[in-house]
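User: Got a structure here that I'd like to walk through with you. Can we keep it quick?

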Amino acid sequence: MRDATAVALSELEREIAVGHGPDGLRLAPAPFVPEVRLHLAEDPILWWARMEANAGHRLPPPYWASVWAGGQALARHLLDHPELAAGRRVLDLAAGSGLVAIAAALAGAAQVTANDIDPYAVAAVTVNARVNRVRVTATGGDLLDSAVVGADLLVAGDVLYDRALADRMLPFLARAAAGGADVLVGDPDRGHLPPDRLATVASYPVPTTEPAVDSPVRRVQVLRPA
């Protein structure tokens, strides 16, 4: 059996080459971060349904096929403050589309690694970095039990979206900070922010791209361990 990431990359490259209508991918500037172009789904649910039907089995939700508020704010922050990433080793955790990793590379990072547990996200980072003409190493696997980060700057956008993930993510971020890494988290406060463990660095009014949100703008914070 071929490696899952290689299969996902082959499928995404074919999708991009063929093109589709409302159930396909399009290349577009990222909302709030127009310096970065991404391959995004016109309708992620339709795309997911068609790809599952083609595959004949379940696929993970295509979180990488949308831009999320926390990642938008974090990418904007890095591009507006390039000194945070310039010349440094950057790890983008739960990278999704790779928006934040690509922003770090555009800001002049010496080395950028984007990690995600979804093989399709790893593939999406690869094609998105390619179209933005930056170098990003995309890796799979769950890093949250790791003791060593191996980066100067750890960035994580929208990683506290449910309680179970927050309970694993927050100790990992704390270990990374204790080990000497700078840590930045982009979060629109989905209800799982701890009251005293993260301090606000910046706040941005981010245009809403999520269909279930009524307001056209969300206030999103960039945070660091307190």
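User: How many salt bridges does the structure hold?

Analyst: Twelve. Keep in mind that this is a predicted model.

User: OK. What does Arg 76 form a salt bridge with?

Analyst: With Glu 35. The closest N and O atoms are 2.6 Å apart.

User: Why does that pair tie together separate parts?

Analyst: Because Arg 76 sits in helix α3 and Glu 35 in strand β2, the pair joins parts 41 residues apart in sequence.

User: Is Arg 76 buried or exposed?

Analyst: Buried, with a relative accessibility of 11%. Glu 35 is partly exposed, at 41%.

User: Next one. Which side chain meets Asp 142 in a salt bridge?

Analyst: That of Arg 168, at 2.8 Å from N to O. This pair links distant parts of the chain. Asp 142 is in the loop between β5 (137–139) and β6, and Arg 168 is in helix α6 (residues 163–178). They are 26 residues apart.

User: And what about Asp 145? Which side chain does that one meet?

Analyst: Asp 145 also meets Arg 168 in a salt bridge, at 3.3 Å from N to O. Asp 145 lies in the loop between β5 and β6, 23 residues from Arg 168.

User: How accessible are those residues? Start with Asp 145.

Analyst: Asp 145 counts as exposed, at 66% relative accessibility. Asp 142 is partly exposed, at 45%. Arg 168 is partly exposed too, at 32%.

User: Which residues are linked in a network of salt bridges?

Analyst: Glu 15, Asp 23 and Arg 50 are linked that way.

User: Switching to the inside. How many residues are in the largest nonpolar core?

Analyst: It has 38. Those with the most contacts inside it are Leu 38, Val 90, Leu 99, Val 112, Val 136 and Val 155.

User: Which elements give two or more residues to this core?

Analyst: On the helix side, α3 (69–80), α4 and α5 (119–131) are among them. The strands include β2 (33–41), β4 (111–115), β6 (153–157), β8 (198–207) and β9 (217–225). The largest share comes from α4, with seven residues.

User: You said α4 gives the largest share of the core. How many of its residues are buried?

Analyst: Seven of eight, so helix α4 (residues 99–106) is mostly covered, with buried meaning under 20% relative accessible area. The buried ones are Leu 99, Val 100, Ala 101, Ile 102, Ala 103, Ala 104 and Ala 105.

User: What comes just after α4?

Analyst: Gly 108, which takes a positive phi of about 100 degrees.

User: At what angle do α3 and α4 pack?

Analyst: About 0 degrees, with their axes 9 Å apart. That makes α3 roughly parallel to α4.

User: Which residues make the contact?

Analyst: From α3, they are Gly 71, Gln 72, Leu 74, Ala 75, Leu 78 and Leu 79. From α4, they are Leu 99, Val 100, Ala 103, Ala 104 and Leu 106.

User: How do those residues divide into nonpolar, polar and charged?

Analyst: Nine are nonpolar, two are polar and none is charged.

User: Last topic, helix α5. Is Asn 128 buried or exposed?

Analyst: Asn 128 is in α5. It is buried, with a relative accessible area of 0%.

User: What is Asn 128 in contact with?

Analyst: Apart from neighbours within four places in sequence, Asn 128 contacts Arg 37, Leu 38, His 39, Ser 97 and Ile 102.

User: And Val 127, buried or exposed?

Analyst: Buried, at 5%. Val 127 also lies in helix α5. Setting aside neighbours within four places in sequence, Val 127 is in contact with Leu 9, Glu 13, Ile 16 and His 39.

User: How far apart are Val 127 and Ile 16?

Analyst: They are 111 residues apart in sequence. In space they are 9.3 Å apart, C-alpha to C-alpha.

Note on methods
Residues are numbered from 1 along each chain as its sequence is written. This is a predicted model: local features need pLDDT of at least 70, side-chain atom pairs count only at pLDDT 80 or more; totals for chains, interfaces and linings use all residues. Side-chain values use heavy atoms; hydrogens and water are left out. Buried means under 20% relative accessible area, exposed over 50%, partly exposed in between (1.4 Å probe, protein chains only). Helices (H or I, at least four residues) and strands (E, at least two) are DSSP runs, numbered from the N terminus. A nonpolar core is a set of buried Ala, Val, Leu, Ile, Met, Phe, Trp, Tyr and Cys residues joined through side-chain atoms within 4.5 Å. A salt bridge is a side-chain nitrogen of Lys or Arg within 4 Å of a carboxyl oxygen of Asp or Glu. Axes are lines fitted to C-alpha atoms, for helices over the stretch in contact, and angles run from 0 to 180 degrees between N-to-C directions. Angles under 35 degrees count as roughly parallel, over 145 as roughly antiparallel, 65 to 115 as roughly perpendicular and the rest as oblique. Contact means heavy atoms within 4.5 Å. Ala, Val, Leu, Ile, Met, Phe, Trp, Tyr, Cys and Pro count as nonpolar, Asp, Glu, Lys and Arg as charged, and the others, Gly among them, as polar.
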